[in-house]
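Hi,

Here is the structure I promised to pass on. Please have a look when you get a moment; my notes come after it.

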Amino acid sequence: MIEVKNLVRTFNSGDRTIKPVNDVSFELEQGTLASIVGKSGSGKSTLLSLLGALDKPTSGDVVVNGVSLAGMPDAKLTEYRRRDIGFVFQQFNLIPNLSAVDNVMLPMEFAGIRKAVRLQRAKDLLVQVQLDPEKHDRRTNRLSGGEQQRVAIARALANEPQLILADEPTGNLDEQTGDHIIELLSSLSRNHNTTILVVTHDRALANKTDRRFRLQQGKLTEEPASRPVVAASA
Ligand SMILES: Nc1ncnc2c1ncn2[C@@H]1O[C@H](COP(=O)(O)OP(=O)(O)OP(=O)(O)O)[C@@H](O)[C@H]1O
Ligand SMILES: [Mg+2]
């Protein structure tokens, strides 16, 4: 369970102060697939950075399974980021000259997992995201955008995070490939009981999520659910 409590982030730009996140509160049950929509510059990426401890709030708190991020020492925040969070970005952010399998193994290496275990798990994850097995050993700069995004999602899952933060994961993909990616995220939220928060400009994608939020001038509002919320199967 993620609890976001009165989160505020202000930035100083010149002689002006802006508040892209202005007293945002919400809770997400484990295993929920949620989306955030909002205009460019409305604070979506800023909010994700706060949830993933890439940035610190001006005030407020994020509580993950009862553990508060506010006041957590930096070393613990790094551990939280590595162990509990999986990031997926619009630009994939893969290491281009490493193979798909090596990219997925990397976060496990940071987590100190044995090589044989890493390799097996990386292959399993690439199968789960349906990357053609022939392409597992191919350098990622020789994969298509949709294939690279699958690798990025497998990498985000590597350490079995409880929360995946995806910032426009379909922004660089055509509609059909984007649909596959959202179906993939949807089945992951159900099968792994992973909480997934997706920022998107894509209405159709947002409509497929359990919970839909809109960020507007720093304020978050929730829209009615369009997909029935299904409890994760045991
Ligand atoms: N590190 C920073 N310093 C100063 N201002 C910032 C910083 N990061 C973001 N901003 C400003 O905060 C506002 C929100 O930015 P943010 O990146 O969160 O928007 P967004 O909703 O993700 O937009 P987009 O859809 O274009 O990605 C913008 O006005 C941006 O210029
Ligand atoms: Mg953004």
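Below are some notes on the ligand site and on one helix.

First, the ground rules: this is a predicted model, in which local features need pLDDT of at least 70, side-chain atom pairs count only at pLDDT 80 or more, and totals for chains, interfaces and linings use all residues. Residues are numbered from 1 along each chain as its sequence is written, chains are lettered from A and ligands numbered from 1 in written order, and side-chain values use heavy atoms, without hydrogens or water.

Ligand 1 has 13 residues around it (a heavy atom within 4 Å). Ser-40, Gly-41, Lys-44, Ser-45 and Thr-46 come nearest. By type, the shell holds 3 nonpolar, 7 polar (Gly counts here) and 3 charged residues. Helix H1 (44-51) and strand E2 (16-28), both DSSP runs (helices H or I, at least four residues; strands E, at least two), each supply at least two shell residues, and H1 gives the largest share, with 3.

Among the polar contacts (N or O atoms within 3.5 Å), an oxygen atom of the ligand is 2.6 Å from a side-chain N or O atom of Ser-40. Another entry pairs a ligand oxygen with a polar backbone atom of Gly-41 at 2.8 Å, and a polar side-chain atom of His-201 lies 3.2 Å from a ligand oxygen.

In helix H2 (residues 74-84), Leu-77, Tyr-80 and Asp-84 are buried (under 20% relative accessible area, 1.4 Å probe, protein chains only). Their directions from the helix axis to the C-beta atoms fall within an arc of 70°, so they line one face of H2.

Best wishes

Definitions and conventions:
A polar contact is a pair of N or O atoms within 3.5 Å; within protein, one must be able to donate a hydrogen and the other to accept it, and residues adjacent in sequence count only if both atoms are side-chain atoms. Buried means under 20% relative accessible area, exposed over 50%, partly exposed in between (1.4 Å probe, protein chains only).
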